[in-house]
Amino acid sequence: MKKIVTKEKSIKLIMLLAASTSIFIVLLIFLFLAKEAAPFIFKPGLSELFTARWVPVSFQKESFGILPLVTGSLLVTIIATLIAVPIGVCGAIYISEVATSGERRFLKPFIELLAGIPSVVIGFFGLTVLAPLVKSAFGLQTGLNALTGALLLALMAIPTIVSISEDAIRSVPKSYKEGSLALGASRLETIWKVTTPAALPGIIAASMLGMGRVVGETMAVMMVTGNAAQITASPLESVRTMTATIAAEMGEVPFGSVHYRALFCVGIVLLLLTFTINIIAQRALKKYRDI
Amino acid sequence: MVKMTTENNKAKTKISVTNLDFYYSAVQALFDISIDVPAKQVTALIGPSGCGKSTFLRTLNRMNDTIPGTKYDGKIRIDDKDIYAPSTDVVALRKKVGMVFQKSNPFPKSIFDNIAYGPRIHGTKKQSELSEIVEKSLDRSGLWNEVKDRLHKSALKLSGGQQQRLCIARALAVDPEILLMDEPASALDPQATVKIEELIEELRADYTIIIVTHNMQQAARVSGFTAFFYEGKLVEFGETEKLFTKPQKKHTEDYVTGRFG
Ligand SMILES: Nc1ncnc2c1ncn2[C@@H]1O[C@H](COP(=O)(O)OP(=O)(O)OP(=O)(O)O)[C@@H](O)[C@H]1O
Ligand SMILES: [Mg+2]
């Protein structure tokens, strides 16, 4: 008897350890980032971060204002989300509720295939196809701008959004749909007013995951956004994101320099941004669940 | 086959079914059903599991249309209109023929929005009108006093019996003439069942009700007419009292006395 109890206890402990590992790792990452970034607080001081110029290498005066990087990331992320979520959700609704089984058999693997394309390859596509298109469509000097980056990111987020939303929509109980149809609602009304709202928690989760991919994506945006560190709200301007900055500059930065510390600060801001997105998503879900 | 009508011919026919066959893909589920369902009466459908009661019920509001591969043959007329005619407006049909399912299925929305769902679909937009319909429907289903303080709370937080009465209220909200109920109380405890039966009694005067039940006592308590189905065929149809006390067919007698099924 006693033996069984001990065994249960140790199993419980192992499971607890397994469950806490992820929290532990996140904490560790955060601590590591904080440790490398911390000296920045003393020299040149935190206020430096909140300036509008990112000029890490200069003969006169270096400047480490991350605002243009933050706004660059936000601009690209917001536009990409605004494009990807509606398309992704509509695609999911189509596949789960409207498509014939033949169409579904073709579409699903195709979308999963799209999700598996490496981002560098998508970057090439952006560079050679999308950027020239954007350039001529808006009559610009260059097609390397926030809009091209956002379009490319949307392309990468859509498969995630489609496939997770589709699961959520398909798991809505059939009895809800029957209840709606029996009241005289059309198939479209049922999809729109019953099925989709019932699947909303899953759809929100899908959108958040898609957005997560957008915020964290590095390669493709680096290739097509033009990488000019400037504060702008115009999608047709060239921008530089936080991820692209870290990826491009980390390799050459002298270890322990102010620039090095500044890049870790950017990393922390990026981490906080993803946390914020997650928290907002959790809130939205909770609010939705208690109606 | 001769049409089975009620001997009590004073009752006006609401639904007239003639020679109905029904198929799920290649499998035939209903065989040559002919029946005249009287208006403003409760008609019970009884019979062993798998005999086609639900299938028959679902032909009356064309819910079977939603299952791919189904086929039918024969005629179903409601108020003398062929409901399978190409010109039939299925939306209007389902508005007129409400349905309550075996497992209560309120939408994951507030109580108010559940009831208002149907009227909104059919074009009622004004909030005051909707409120009025919601109150009337809930009152009609005996739920108003229990839920009037939490109309905007989730319908999923109601008890099982309340949820089923909510579904009845939701069906009533679009002002139907016929109510189809597929074992509406089979998932409920005895007290909740009594409430549903009382409600059916209440509604009888204004609606034509068809209720599927496995419970003989329930059929005897709530219905004026009973139809006995067996293996996809309508074996006997008549006034409930007669069918239970003096069944014409041996099969019916065996079933209602509990010798099989
Ligand atoms: N969607 C379907 N596809 C194929 N066959 C079906 C379908 N629904 C029912 N059937 C078959 O049709 C026959 C009649 O089923 P139905 O559900 O109408 O019986 P029932 O009398 O309502 O039974 P129960 O009392 O168990 O609810 C059964 O043989 C059943 O297997
Ligand atoms: Mg049934």
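**Exercise 1. Find how many aromatic pairs this predicted model holds, then classify the pair Tyr260(A) and Phe264(A).**

Step 1: Search the whole structure, over all chains, and you get 13 aromatic pairs.

Step 2: Take Tyr260(A) and Phe264(A): their ring centres are 4.9 Å apart and their planes meet at 55°. Planes under 30 degrees apart would be stacked and over 60 edge-to-face, so this pair comes out as tilted.

Step 3: Now look at where the two sit. Both belong to helix H12 (residues 258–289) of chain A, and being four residues apart puts about one helical turn between them. In general, an α-helix has 3.6 residues a turn, so residues three or four places apart point the same way.

Step 4: Check the surroundings. Tyr260(A) is buried, and Phe264(A) is too. Together with Phe32(A) and Phe255(A), they make up one aromatic cluster.

**Exercise 2. Work out why helix H3 of chain B counts as largely enclosed.**

Step 1: H3(B) spans residues 111–121, and nine of its 11 residues are buried, so the rest of the structure largely encloses it. Among the buried ones are Ile111(B), Phe112(B), Tyr117(B) and Pro119(B).

Step 2: Ask what does the covering. Chain A brings in helices H7 (174–182) and H8 (187–198), while chain B's own part includes H4 (127–140), H5 (144–147) and H6 (160–172).

Step 3: Follow the chain past H3(B) and you meet Gly123(B), with a positive phi near 105°.

**Exercise 3. Which rings do Lys71(B) and Lys233(B) sit over?**

Step 1: Lys71(B) lies over the face of Tyr23(B), 4.9 Å from the ring centre.

Step 2: Lys233(B) has its charged end over the ring of Phe31(B), at 4.8 Å from the centre.

How values were computed: Residues numbered from 1 in each chain as written. Chains lettered and ligands numbered in written order. Predicted model: local features only at pLDDT ≥ 70, side-chain atom pairs only at ≥ 80, totals over all residues. Heavy atoms only, no water. Buried < 20%, exposed > 50% of the residue type's maximum accessible area, 1.4 Å probe, protein only. Helix = DSSP H or I, 4+ residues; strand = E, 2+ residues; numbered from the N terminus. Contact = heavy atoms within 4.5 Å. Phe/Tyr/Trp six-rings, centres within 6.5 Å; stacked < 30°, edge-to-face > 60°. Lys NZ or Arg CZ within 6 Å of the ring centre and 35° of its normal.
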